[in-house]
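Please brief me on this structure.

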Amino acid sequence: MNWIDRLLAAILWLLSVLAVAGITHIVAIFALPAVEAKDTYARIAELAKPGQLTLLPPARADQQSLPFVDPAMVQSICPFDLSKGGLRVHADVEAERLLTLSFRTSTGQVFYSMSDLAAQQGKIDVVVLTPAQLEIAEADDDEDDPSQDLRLIAPETKGFVIIGALAAYPGEKAEAEERVKSVACAVEQVTQD
């Protein structure tokens, strides 16, 4: 074997090592969110019980409560388990005071989000249900006085809601905390008569 054959064999070996390493790297990057996200609901369940609103600790430079948290946002979390009943979220909204609601699956995928701009007559009323619970709720509706609630069908029975309020300036943190704490989050029984 001459030196050209050895050089070509070394180049071929190096290219195959790089190809395997590159493919492994790409697969790991795409698999990481799916693997890591399976723990999301379990981590949130440690902070709060289903139907219980819990204020999240403020973001710090050395440790974040949730990834990519904006330090200007005050956030709370409300987990839900629809096997125990629907989830009712109620908020009284003040004009020009940002309030956001993000409805997520147990893995953290957003299935619905809204802001204070969706309020009707200064109120946001959302009920998160399974398809079977929605059928029961619709059967109980009065035709003369229909429900004004926004009804969402959750893709999974477990999930959580993240409620956020903007504190544009550090002096507004306390007021933003009060806005977030004023949001009601409770389990609501949906029964067949």
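Leu-87 stands opposite Val-128 in strand 6. Strand 3 (residues 86-92) and strand 6 pair in the antiparallel sense over 6 bridges. Two strands count as paired if DSSP finds at least two bridges between them. This is a predicted model: local features need pLDDT of at least 70, side-chain atom pairs count only at pLDDT 80 or more, and totals for chains, interfaces and linings use all residues. Residues are numbered from 1 along each chain as its sequence is written, and side-chain values use heavy atoms, with hydrogens and water left out.

**Strand 6 and its partners**

- Val-128 also stands opposite Leu-152 in strand 7.
- Strand 6 and strand 7 (residues 150-153) pair in the parallel sense, over 4 bridges.
- Strands (E, at least two residues) and helices (H or I, at least four) are DSSP runs, numbered from the N terminus.
- Buried means under 20% relative accessible area, exposed means over 50%, and partly exposed lies in between (1.4 Å probe, protein chains only).

- An open sheet is formed by 5 strands in the order 1-2-8-4-5, with antiparallel pairing.
- Strand 1 (54-55) and strand 5 (110-115) stand at the edges. Each has a single partner strand, so one side of each is left without a neighbour in the sheet.
- Strand 4 (residues 99-105) and strand 8 (residues 158-166) run antiparallel and are joined by 7 bridges.
- Arg-104 has Phe-160 in strand 8 as its bridge partner.
- Helix 2 (residues 40-47) lies across strand 1, strand 2 (73-81) and strand 8. The helix runs at about 105° to strand 2. Axes are lines fitted to C-alpha atoms, for helices over the stretch in contact, and angles run from 0 to 180 degrees between N-to-C directions.

**Ser-76**

- Ser-76 sits in strand 2.
- Its relative accessibility is 1%, so Ser-76 counts as buried.
- Not counting residues up to four places away in sequence, Ser-76 touches Leu-53, Thr-54, Leu-55, Leu-56, Val-161, Ile-162, Ile-163 and Val-180. Contact means heavy atoms within 4.5 Å.

**Aromatic rings**

- A search of the whole structure finds 2 aromatic pairs.
- Phe-103 and Phe-111 form a tilted pair, 6.4 Å centre to centre with 55° between the planes. Rings of Phe, Tyr and Trp (its six-membered ring) pair if their centres lie within 6.5 Å; planes under 30 degrees apart count as stacked, over 60 as edge-to-face and the rest as tilted.
- Phe-103 is buried, at 0% relative accessible area, whereas Phe-111 is partly exposed, at 21%.
- Ring pairs link Phe-103, Phe-111 and Tyr-112 into a cluster.

**Pocket and cavity**

- The second largest pocket holds about 260 Å³ of space.
- Its lining includes Met-114, Ala-118, Lys-123, Asp-125 and Leu-150.
- Strand 6 (residues 123-129) gives the most to this lining, with 3 residues.
- The structure holds 1 cavity of 30 Å³ or more. The largest cavity has about 50 Å³ of space.
- Asp-92, Val-93, Glu-94, Arg-97, Leu-99, Arg-179 and Ser-182 line the largest cavity.
- On a 1 Å grid over the protein atoms alone, a cavity is a set of points where a 1.4 Å probe fits but cannot get out, and a pocket is an open set with protein on both sides within 12 Å along at least five of seven lines; lining residues have an atom within 4 Å of a point.
- Grid points are joined across faces, edges and corners, and a volume is the space filled by probe spheres set on the points.
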